[in-house]
Amino acid sequence: MSSFKKSIFISLLMWMLILLPNYAFAQDAEITGSIVNVRGGPSTQNTVITKVVKGQNVSIISEQNGWCNVKLSNNTVGWISQDLLKKLAVNNTNIQKPLPVPDAKPVPVPVPASKPVPTPIPVPKPVPNPAPTPAKTIVNVAPYAVSVTGSIVNIRQSSDTNSAILTSVKLGENLTVYGKQGEWLNVKLSDGRSGWIAGWLTKEAHSVVTPTGNTLRLPIGNRNLVLTNLDNGLKINLSGVNENDYTLSTTTNQTDLIIKVNNNGVKSAKKSINTWGVKDISIEPSYIYLSFDKPFTFTDSYVRSQLEANITFAKVQAQGINKIKLNASNEKSIVQISAKGNLEYTTSNVGTSKLYVDIPKAELKLSSANELEQAVNYGPIRKVLAKQISSDIVRLEVDLASGAICNVIENDGYLILAGRLGNGSLKGKTIVLDPGHGTIGTGGFSDPGAVGRDLKLREKDVVLGISLKLRDSLVKEGANVIMTRTSDGKYLSLEGRAAIANKSNADVFVSVHANSSTNRAANGSSVYMYAPYSKPNLYNQRNIRKELATDIQNEIVKSAGRKNLGVKEANFSVLRNTQVPSVLVETAFLSNPEEEKLFNTDGFLQKMADGIFNGLKTFFKNN
Ligand SMILES: [Zn+2]
């Protein structure tokens with residue numbers, strides 16, 4: 001740095017000291033993990049207060065045991081693991097990206113009309129409180145859906161930026177509006193509470209059908225909508241025949257109701273009063289309202305539009321791709337690329353919400369421009385765009401919803417991009433449990449795993465015991481559990497175990513083992529993961545694999561009480577060959593006299609199973 005630059009730098013620093021005494025000694029940092037938990041204290045045992053995403057800035061207040069006490073731009077204070085942030089140069093102190101999106105409306109900064117200020121310094125203005133507005137009355141509205149447009153937006157107790165924050169919502173999340181006060185919207189949260197969101201941080205979501213008492217509001221312009229009412233088994237299909245005609249039919253495909261609309265409103269409406277109990281139809285510029293004889297309760301589980309797009313690659317050289325399909329629903333979306341034989345591909349994550357899949361030796365030939373892009377405004381995968389990026393490389397740009405996780409899984413003849421949005425629970429998750437050993441591998445080798453010295457307990461038996469208990473707990477919570485084995489003597493290779501996870505498009509893979517060492521004093525629990533930089537497809541999952549391993553490690557230590565040997569990394573076959581997030585749990589040491597005795601008790605096997613179960617529960621709560 002030249003001394004001239006240095007002096008400017010120092011004078012900038014002085015200015016900051018003068019202007020912002022509170023910030024002057026705070027070290028700023030940028031979040032490097034894709035979605036990072038902000039916790040109440042400096043350990044993963046502490047509760048998650050909120051989350052921040054990659055690229056956002058925080059101020060470090062203090063540091064302790066690998067954790068940083070940080071202040072977010074909304075003044076929330078919490079703890080973040082040091083590994084998940086990068087310290088910024090001091091002169092970045094004042095350039096803070098807002099997080100969450102402040103719900104105070106942007107106010108034009110008054111420019112003093114007097115002398116020009118010598119050095120323009122970017123100073124974060126404390127956002128002025130909006131001038132008190134006359135109390136506005138709360139207006140109840142016919143429920144409609146909005147989609148969040150800010151990256152993270154607060155839901156508050158009342159329609160005022162000073163009121164308590166109940167929770168926050170993420171970009172792309174949909175909320176149902178029941179009332180308005182000024183520009184604030186009264187929304188209902190998934191847990192049933194009601195709160196207020198700044199209307200200017202939302203946009204109307206036209207794809208959502210809003211159930212309301214005994215009327216249904218269907219947005220015009222939405223095609224191929226399937227509604228399922230779980231309460232009485234009724235299913236309604238709404239399909240657009242052409243631009244202005246809508247047909248509603250039941251699952252039996254018998255047409256009950258046809259509504260034709262044009263720009264002036266209803267053209268014709270034919271209804272049959274039938275088992276549905278349709279009482280009336282009314283049309284507004286962008287909605288059709290149906291009212292029913294009886295209150296009509298929809299649950300969250302209705303299925304939104306199933307969009308299936310087929311992109312055909314007319315000319316391909318060695319790769320033999322014949323089609324690409326996007327199948328999207330609320331929580332899970334699949335992009336399926338079918339090919340003859342195995343596909344060569346590489347993936348790269350661009351930020352937290354974009355994934356590139358590059359397919360070499362491929363040439364894109366499309367018959368119309370709309371084959372290039374397929375988009376939906378719900379679910380984890382929002383858009384797939386095909387692009388020829390060089391003469392023989394086709395790139396698929398996949399846009400993900402905020403917080404979505406996308407696994408890339410290759411199977412013979414298919415490449416699957418499986419996106420999902422967490423529902424905060426184990427319900428519906430596909431978990432592959434792999435009790436180690438106990439199979440017959442290549443050459444007819446029967447593998448007992450480690451064998452205890454004193455009681456001669458075999459690893460294959462104790463880990464099967466733990467896994468079966470774990471399976472029962474997971475199934476009780478609504479998870480879909482796939483076991484690589486439930487008994488002894490199955491023919492299965494290590495690659496075959498991983499393939500079970502890949503083929504089933506599992507959410508996670510958990511291999512259960514017992515450790516062994518020539519040192520009989522060795523004891524304790526550890527969880528292994530594998531995601532090296534040299535393997536980009538695994539490295540892309542590095543954060544999520546680490547989180548899974550950490551959550552399970554913390555919980556098994558808590559539950560079974562053995563020594564904490566921490567999360568470790570190793571190139572184990574089942575970890576290397578699984579294309580979905582995977583871990584290998586070394587529960588305890590069979591070679592240790594004390595731990596072998598514990599393995600001989602049902603209570604200890606249950607504690608281990610409970611620990612892994614709690615770890616998975618924590619993981620899926622946050623993912
Ligand atoms: Zn083992």
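**Exercises on buried contacts and a zinc site**

Both Arg-562 and Glu-595 are buried. The model examined here is predicted.

**Exercise 1.** Determine how Arg-562 and Glu-595 are joined, and where each lies in the chain.

*Solution.*
Step 1. Arg-562 and Glu-595 form a salt bridge, with 2.6 Å between the closest N and O atoms.
Step 2. Arg-562 is in the loop between α5 (542-560) and β41 (564-569), while Glu-595 belongs to helix α7 (residues 593-599). The pair links distant parts of the chain, 33 residues apart.

**Exercise 2.** Classify Asp-358 and Arg-395 as buried or exposed, and describe their contact.

*Solution.*
Step 1. A residue counts as buried under 20% relative accessible area.
Step 2. The relative accessible area of Asp-358 is 13%, so Asp-358 is buried. For Arg-395 the value is 18%, so Arg-395 is buried.
Step 3. Asp-358 and Arg-395 form a salt bridge whose closest N and O atoms are 2.8 Å apart.
Step 4. This pair links strand β28 (residues 354-360), which holds Asp-358, with strand β31 (residues 393-400), which holds Arg-395; the two residues are 37 residues apart.

**Exercise 3.** Identify the residues that coordinate the zinc ion, and state their spacing.

*Solution.*
Step 1. His-437 (NE2), Glu-459 (OE) and His-513 (ND1) coordinate the zinc ion at 2.1 to 2.2 Å.
Step 2. Along the chain, these donors follow the spacing H-x21-E-x53-H.
Step 3. His-437 lies in the loop between β34 (430-435) and β35 (439-441), and His-513 in strand β39 (residues 508-515), 76 residues apart.
Step 4. Both His-437 and His-513 are buried.

How values were computed:
Residues are numbered from 1 along each chain as its sequence is written. This is a predicted model: local features need pLDDT of at least 70, side-chain atom pairs count only at pLDDT 80 or more; totals for chains, interfaces and linings use all residues. Side-chain values use heavy atoms; hydrogens and water are left out. Donors are N, O and S atoms within 2.8 Å of the metal (3.2 Å for Na, K and Ca); water is not among the atoms, so sites may look incomplete. Helices (H or I, at least four residues) and strands (E, at least two) are DSSP runs, numbered from the N terminus. Buried means under 20% relative accessible area, exposed over 50%, partly exposed in between (1.4 Å probe, protein chains only). A salt bridge is a side-chain nitrogen of Lys or Arg within 4 Å of a carboxyl oxygen of Asp or Glu.
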